[in-house]
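Hello,

Here is the structure we talked about handing over. My notes on it follow below the entry.

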Amino acid sequence: MSAQFVIFGLLAVTSVATALAMIFSRNAVHGVLFMVGNFAAVALLYVLLGSPFLAAVQILVYAGAIMVLFLFVVMLMGPEPAPLWEHIPGQRPLALLFGLLLAAGLIAAVNVEELTGVPGIMSQEVLERLGQPTALAQTLFERYLLPFEVTSLLLLIGMIGAVVLAKREKHELQAERAPREGGAE
Amino acid sequence: MIVPVSYYLVLGAILFSIGVTGVLLRRNAIMVFMSIELMLNAVNLSFVAMSRALDSLDGQVFVFFVMTVAAAEVAVGLALIVAIFRSLGSADVDDAHVLKG
Amino acid sequence: METLLWALLLVPLAGAVVNVLLGRRLPRQVAGWLASGAVALAFLIGVMATLRLLALPAEERAYVTPTLYTWALAGRFEVPVSLLFDQLAAVMVLVVTGVGFLIHVYSVGYMAHEPADYDFRRYFVYLNLFVFSMLLLVLGSNFVLLYAGWELVGLCSYLLISFWYTEPQNAAAGRKAFVVNRVGDFAFALGIFLIWSAFGSVVYADVFEAVGGVAPATLTAITLLLFVGCTGKSAQLPLYVWLPDAMAGPTPVSALIHAATMVTAGVYLIARASALFAAATSTSAIVAWVGVLTALFAATIAIVQVDIKRVLAYSTISQLGYMFLGVGVGAYTAAIFHLVTHAFFKALLFLGAGSVMHAVEHGAHHAGEHVDPQDMRQMGGLWERARWTGITFLVGAAALAGLPLTSGFFSKDEILAGAFLEGHVLLYGVGLLTAFLTATYSFRQFFLVFAGEPRSEAARHAAESPRVMLVPLAVLAVLALGAGLVLGWPPEHGIIHTWLEPAFAVAREGTKAEGGAGLSPMTLLLISSVVALAGAGLAYGAYVRKAVDPAALSVRFRPLYVLLWNRYYVDELYALLFVRPFFGLARFLADVVDKLVIDGAVNGVATVTAGAHALARRLQAGYVRVYALSMVLGALLVLGYLVYWGR
Amino acid sequence: MNTLGFPILSAVIFFPLLGVLFIALIPSDRPRTIAQVAFWTAAIDFALSLVVVVNFDATSAAFQFVEARPWITLFGAPVITYKLGVDGISLWLIPLTSLLTAVAVLFSWGSVTHRVKEYYILMLVLCTAMLGVFTALDVFLFYVFWEAVLIPMYFLIGIWGGERRLYATLKFVLYTMAGSALMLATIVYLALGMSGQLGTLTFDVQAWYQVFIPPTVQRWAFLAFALAFAIKVPLFPFHTWLPDAHVEAPTAGSVILAGILLKMGTYGFLRFAMPLFPLATQELAPVIAGLAIVGILYGGAVAFAQRDIKSLIAYSSVSHLGFVMLGLFALNAEGMSGGVLQMVNHGLSTGALFLLVGMIYDRRHTRLMRAYGGLWKVMPVYAAFFLVVALASLGLPGLNGFVGEFLILLGAFQANRWWAVFATFGVVLAAVYMLWLFGNVFFGPVKDPENAHLPDLNRREVLALVPLVALIVVIGVAPNLFLAPIQPSVQALVDRVNSAVMVMR
């Protein structure tokens, strides 16, 4: 058992535990916090896989920006009066059952034996070679230049979409303002 | 000794399934959304692991793209949730079951 | 010659077109004279063309113009647009344009009181269009052009019958005329189809040449179908019902279209296709019998009618029946001869009737009294008040009655003689009986209108019509009086006979006069004279001398009288048999079959689908998580398949 | 093949889209400009389609002005081609489409007031789609255009329609889709089946013509195609969507629907169902002809019982299209040429009738026959136009309807005498219901004082009617101008259908 296994085990347990905690947490704010933990654990796994750059990005984008957004929205909407009962019959047991079945199926599909049989490629040497941000940059800006640019467009569209959606229609505003003005008089 | 790739894959599978379960269980739209992020993360993990196993950078590049898409998705998705919340007064996905404004 | 014929055809059309396009800028009288001028020009051209024809030897008097253009060419079906001008066409052209011109002139006066300029113009546009259509019918060199003209004259008839369209019954009469004619045309069209499939052509020349090569049964079918078409257009049993109603139109229209020209189109058609009819002997017999029975049938109705125009309408039906008797027994020349004289005297009678109505209306206006200007019971004593109208009307009545030496006398007798000499004694007998009735009712009409004392204020104040109406009357009176003698004397060898005989040479070949019961034509002539005089005498006795009281007779034979008065209830019968069932069927189909059965089936499919989707809808509750659940289920199934069977 | 050296067909088809682009740039608060641009687009498109007509070689049965470009390529072989061409069967439908679009647009100036921009855009898109249907020589391309027609029509009826427009649009779209879905499945099946003989997967209809299809397949495929086309025609008893759609559609929509859309069904028979499945055509011709005859008589009788003018004309369309179908399935050159010509004739006369009804509807806002009466006195010019068009519709010689009907009946008579006997009776019915309509609207006294002062047609309305009426007269007087280019193609099709049977025997 190398240290790597120990670290992997710890991180794996942490990530699974935080994930479970997240989906079962009653309070959305708690959920967000568990999720930050989960993302952090995954980021550390990236480090373990020799991708410090991705790990950094993971922390910055996910645990940082995205989570802040989530938290912001959760706060904006306030505490939710979450009803405990489930009004779709059979939803809960089926959800759990399907989740388990899916996990089982996926694990079976991973076909453990075949992959464990060939650990050779994933050597320390490979890890170090591929871990370099320069190598990643080279691939990204040479082979995947066009998709990369398209992604930027996607982000722009996402931004515009968010703005449009968040913008209130003129008549909505008026409808909202009118009674207020009436009240002031 | 390096942790075999299959371990990562199994972990990814478990995380993914948890995400799916979350989507199926939770009624709060934000929680559903977060569960989706969980699934994306699980996939990312598998990508990185396979990238190592196959000695190719493509997997990592994909992780990159997934993150970008996730960011865009979060921006639009959250805006949608806010819009729905504004019009329905709730973020419960089950409350939004009629196609009517 | 070619240019001449095309000009002949197109001049009336040009008149109509000019009136449509420029009419609004012209004074109304100009529009009327323009139309009349167009027909006059056509008449002159017709005369010139006839003279050209006359210059040719008798056997070559059939001129076919080169094809102007091919109207239609589809597969093997070809219709060339060309005109045929032969002896028969020449006679028809002269009658149509000649009588047509007189009636146009008369109309200028008759329609002068039409309040709206627009309607005045419209009237003359229709009239010109009619002359064009009739000329197309007569001049066309094939069956399709004839059919085109045939339908177009029907259209003009429709438009002119419902000319005063604000009265709903006029509109209904027009529609009735068109629809009944369409029923006839339906058979006519089938006849053309059969001609084409039997002969491979619709051009007269091709068809008549090949008559020998076609099975007699086919010929019988063709001719029967054509004849059904004729019963529609020429108002024979059983499709005559539209003609009495057609009197709703202006009186000059009744004269031109529903007496002199259009209704004789059927006779023309059979004369034109005489080669076919002569070869189909059984059809010819049917034609003759339908003709003679129609003649008798209509004459019996005419004898009790009191509407001045209706009497004339039934007499027209009756006289057309004579013509069909003529063509049926093979006396084509006689039939056409009668067509010509009938055109003269019947146009005269109608125009005279119009003049009478004009006079009575004037009187009614003067007396401030409202009378139906067509009701003969309200007239009487007009002889003093409208002398010229009276004289001309008398001439017309005499010709209709067939009094000796008038035009009707010669032509009608020739038809009867033809029937007799061909050995159809029974036909001859019925024809003779009808001749007697004809003389009776025509003089009954004359005496009711003109003799005795006025029976209403309107009649008392009646006044003569303007000169523009009287001049055509006078011209027609001269023609009605003299045409028979000029054209038809001596019998069988008059001008018209020598002129027309070559046209019917083919048809006459097979039939040979067998000389019925050994009576000579002169004897027959004598019998006809006696019968006509007897009929006229009966009318004189009943309505002037009052030797016989018609009222008492009508009481005595009440059932018969009621039957005749109600015109044998044929209109009612048709309403019961065809019109009302059709209304009911249409309603039933529209409201029940279409809405409930067919659309019901369609909507039923929709309902079943809707029921099915009510079930499916449970799954589509709109809950996102239910969708997600099913998605995962699907993913699981795929996954399971891949894991267990995919290796 | 393309003698012009210029993709004229593409130009004709897609020119309206250019107009759409232009209209899209005009702000929607300038409806007049939009309407003008739309009209001129359609008018220029009509001029372009005349270029096709003028350069058409009337002696040839072959497809002309053919353009072909690979569209979707699979494994290096072009599976779906963008292939266009015109022959005698489709020739007249092209100018008819652009003309009716121009006329309908011109008419709409006065009656469409809300959502003007969208309206004209949809009209022009519709024009493009319809032209595509009539020129596509690739089955798949045809199908794309075929379905594309539905979309603008759906919106035209659904947005600018009458009170029950939702019901009508739903019925119209579902009914049509139900038919065409089956057709799509059959198209794919045939393409796969033929790829064996052709050595490649292709949807090129000219290639398909070369393939011999087994008789059983022919029968089923014919039935599947026939269902789609019969619904569109509409052949009795698939007609019930038509009155609803017509009554609810805006005037321009009715004009296009009756004038062109219905022809897509008959055209489909001519271009696909008949030449591809000649054996089945021969075998099932009596059935289709029988339905056509029932449609003729049934449509005529039901039309007579209608109280709504538009629905009367709609049922008269059922009757008239029955004539067209009868002509096609007489399977001889006379009947088929008559049928092809009658497609154009019906487009002109019924299109004009719907225009006329729309004009009176704009004035009085009712389509009920009993609301009118005595209009001749009030609107003489209108009455004159209506009379000519109604007469054309009831088949008066000298006007266009007669030519088509006469040839159709002649052909039917040749095929089976009893067909002609029953069908000819439809001509009588046409007179009954048309004169009934005309009499009720124009004759009699002016009953309703609201009708007493209706304005007669204005110059724009006359302008919209004149080309239609002029063509009605020209076709009636000199039909051969129009029949001649049809002949070779029709003859080729007839020979094809009939010779296939001889091979079998």
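Setting aside neighbours within four places in sequence, Leu341(D) is in contact with Val403(D), Gly404(D), Leu407(D), Pro479(D), Phe482(D), Leu483(D) and Ile486(D). This is a predicted model, so please read everything here as computed from it. Leu341(D) belongs to helix α14 of chain D, residues 333–364. Leu341(D) counts as buried because 27 other C-beta atoms lie within 10 Å, where the cut-off is 20 or more. Arg367(D) is 26 residues away from Leu341(D) along the chain, and their C-alpha atoms are 30 Å apart.

Nonpolar cores

The largest nonpolar core has 451 residues, and Ala347(C) and Leu326(D) touch the most other members. The helix that gives the most to this core is α15 of chain C (residues 332–367), with 21 residues. Apart from neighbours within four places in sequence, the contacts of Ala347(C) are Val99(C), Ile103(C), Ala255(C), Leu256(C), Ala259(C), Ala260(C) and Leu476(C). There is also a second, separate core of 72 residues; Phe34(A), Val20(B), Val74(B) and Ala96(B) are among them.

A helix pair in chain C

Helices α11 (residues 265–272) and α14 (residues 308–328) of chain C pack with their axes 10 Å apart, at an angle of about 5°. Angles under 35 degrees count as roughly parallel, so α11(C) and α14(C) are roughly parallel to each other. On the α11(C) side the contact is made by Val267(C), Ile270(C) and Ala271(C), and on the α14(C) side by Leu320(C), Met323(C), Phe324(C) and Val327(C). By class, this contact has seven nonpolar residues, no polar and no charged ones.

Chains A and B

Between these two chains, 61 residues of chain B are in contact with 71 residues of chain A. On the side of chain B that touches chain A, α1 (5–25), α2 (29–53) and α3 (58–88) of chain B each supply at least two residues. The most comes from α3(B), with 21 residues. That side of chain B divides into 47 nonpolar, ten polar and four charged residues.

A hairpin in chain D

Strands β1 (residues 64–74) and β2 (residues 77–86) of chain D run antiparallel and are joined by eight bridges. Opposite Ala68(D) stands Lys83(D), in β2(D). The hairpin of β1(D) and β2(D) has two residues between the strands, and Phe75(D) takes a positive phi near 50° there.

Regards

Conventions:
Residues are numbered from 1 along each chain as its sequence is written. Chains are lettered from A and ligands numbered from 1 in the order in which they are written. This is a predicted model: local features need pLDDT of at least 70, side-chain atom pairs count only at pLDDT 80 or more; totals for chains, interfaces and linings use all residues. Two residues are in contact if their C-beta atoms, placed from the backbone, lie within 7 Å. Helices (H or I, at least four residues) and strands (E, at least two) are DSSP runs, numbered from the N terminus. Ala, Val, Leu, Ile, Met, Phe, Trp, Tyr, Cys and Pro count as nonpolar, Asp, Glu, Lys and Arg as charged, and the others, Gly among them, as polar. Two strands pair if DSSP finds at least two bridges between them. A nonpolar core is a set of buried Ala, Val, Leu, Ile, Met, Phe, Trp, Tyr and Cys residues joined through C-beta atoms within 7 Å. A residue is buried if 20 or more other C-beta atoms lie within 10 Å of its own, exposed if 12 or fewer, and partly exposed in between; C-beta atoms are placed from the backbone. Axes are lines fitted to C-alpha atoms, for helices over the stretch in contact, and angles run from 0 to 180 degrees between N-to-C directions. Angles under 35 degrees count as roughly parallel, over 145 as roughly antiparallel, 65 to 115 as roughly perpendicular and the rest as oblique.
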